[in-house]
Amino acid sequence: MNKVTVQCPGTVANLVCGFDILGMALNAPYDIMEVRLIDEPRVIIISKDGFPLPSDPAQNTAGAPLLEMLEELNGDTGPANRPTHPVGFEVSITKKIKPGSGLGSSAASAAGAVVAANHLLGNIFSKEDLVRFALFGEKVASGVKHADNITPCIYGGVTLIRSIFPLDIVPIAAPALHVTVVHPQIEVRTSDARQILRKQVLLKDAIRQWGNIAGLVAGFMGHDYDLIGRSLEDVIIEPVRSMLIPGFDAIKQCCKEAGALGGGISGSGPSIFMLSRDESTARKVENIMKDIYTRIGLDHHTYVTTINQQGVKVVA
Ligand code: HSE
């Protein structure tokens, strides 16, 4: 086998209170990626749908992780069962997750590339290795290695990154939840959305945030929907970033009044996500989101979906 096609899920990073440490994979939207094994140690990038993706692999979110993988394959520290002949990868990307949407577009490319390449190599790397490689894609995309999109994209489900250096990944068994996402058609670059954040935090805010993070994890693990709802509060990042997102406060308030457990900015925005216990509430929430953006006159796209439990999936 020298070719594989993978489906790479969109992700919601932060999950409101867990900036850079919590994330969740979604069943929609997703990218499709085809990776082919070639017999030269290089990476070739092909964009299939006209998105202006960088063709220089070192500048591409799928390419940079693969270059790291190749370096390890060709170095002294790579896995013992690595191929003995030169290998490289040709990657074709069909992007459905818009870059700058806050739905983990760069992570989907990075994670998809390394999972597909590993599959072609006979799964010689662990999932944790794959996260380590994929982080180089996030570095290219936003200037910072954050793992809260990549990890759920590779592992599926909800994940906690207790530490990034060294990597300490904790999968969290969340209950069934319905996720409604609205993507207003504006672009927020993660690097810009990080730039505007305050570098220092008041102790009282940190205490409230710690309570919420612990509450959210306990709520997920104990399947306690009310606790999940109460814990979906962010006193540090959201007050700053929500200013970049038209209609944010109205959407959040109206969706909660309609029965959503809670939600907030997806990753660095501008998408907004809401969690609900049942699909009919999730659909009601979708209509509210649509109504508010229609009234504001802002083009938007919505998804009503569930948590993706598998992460990047080999489909052919
Ligand atoms: N944790 C990152 C941020 C996610 O909020 O900047 C970016 O998708």
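Is His-223 buried, exposed or partly exposed? With a relative accessibility of 44%, His-223 counts as partly exposed, where buried stands for under 20% relative accessible area, exposed for over 50%, and partly exposed for what lies in between (1.4 Å probe, protein chains only). This is a predicted model, in which local features need pLDDT of at least 70 and side-chain atom pairs count only at pLDDT 80 or more, while totals for chains, interfaces and linings use all residues. Residues are numbered from 1 along each chain as its sequence is written, and side-chain values use heavy atoms, with hydrogens and water left out. Helices (H or I, at least four residues) and strands (E, at least two) are DSSP runs, numbered from the N terminus.

- Helix 3, made up of residues 127–142, has 16 residues and reaches 22 Å from its first C-alpha to its last, close to the 22 Å expected at 1.5 Å a residue; the expected span is 1.5 Å times one less than the number of residues in the helix.
- The buried residues of helix 3 are Asp-129, Leu-130, Val-131, Phe-133, Ala-134, Leu-135, Gly-137, Glu-138 and Ser-142, and what covers them includes helix 1 (63–74), helix 2 (105–120), helix 4 (150–155), strand 6 (168–172) and helix 5 (190–195).
- Just after helix 3, Gly-143 takes a positive phi of about 85 degrees.

- An open sheet is formed by 4 strands in the order 8-9-7-10, with antiparallel pairing; two strands pair if DSSP finds at least two bridges between them.
- Strand 8 (262–265) and strand 10 (300–306) stand at the edges with a single partner strand each, so one side of each is left without a neighbour in the sheet.
- Neighbouring strands of this sheet are turned by 15 degrees against each other on average, direction ignored.
- Strand 8 is joined by 4 bridges to strand 9 (residues 272–276), and the two run antiparallel; Gly-264 has Phe-273 in strand 9 as its bridge partner.
- Helix 10 (residues 279–296) packs on the sheet, where it touches strand 7 (178–184), strand 9 and strand 10, and its direction makes about 15 degrees with that of strand 7; axes are lines fitted to C-alpha atoms, for helices over the stretch in contact, and angles run from 0 to 180 degrees between N-to-C directions.

**Around the ligand**

- The residues around the ligand are Ala-13, Asn-14, Phe-19, Asp-20, His-146, Asp-148, Asn-149, Thr-190, Arg-194, Arg-241, Gly-267 and Ser-268, each with a heavy atom within 4 Å of it.
- A side-chain N or O atom of Asp-20 is 2.5 Å from a nitrogen atom of the ligand, and a polar side-chain atom of Asp-148 lies 2.7 Å from a nitrogen atom of the ligand.
- For Arg-241, an N or O atom in the side chain is 2.7 Å from an oxygen atom of the ligand.

**Backbone details**

- Asp-20 lies in the loop between strand 1 (3–13) and strand 2, and its phi is near 70 degrees, a positive value in a residue other than glycine.
- His-223, found in the loop between helix 6 (203–221) and helix 7 (225–231), has a positive phi of about 50 degrees although it is not a glycine.
- A cis peptide bond, with omega about 0 degrees, joins Ala-28 and Pro-29, and Pro-29 has its place in strand 2 (residues 22–38).
- The peptide bond from Gly-269 to Pro-270 is also cis, with omega near 10 degrees, and Pro-270 is placed in the loop between strand 8 and strand 9.

**Two buried loop residues**

- Leu-232, in the loop between helix 7 and helix 8 (238–241), is buried with a relative accessible area of 2%.
- Leaving aside neighbours within four places in sequence, Leu-232 is in contact (heavy atoms within 4.5 Å) with Leu-15, Val-16, Leu-216, Leu-261, Gly-262, Gly-263 and Leu-275.
- Ser-101, in the loop between strand 4 and helix 2, is buried with a relative accessible area of 1%.
- With neighbours within four places in sequence left aside, Ser-101 is in contact with His-183, Gly-269, Pro-270 and Ser-271.

How values were computed: Polar contact = N/O pair within 3.5 Å; in protein donor to acceptor, adjacent residues only side chain to side chain.
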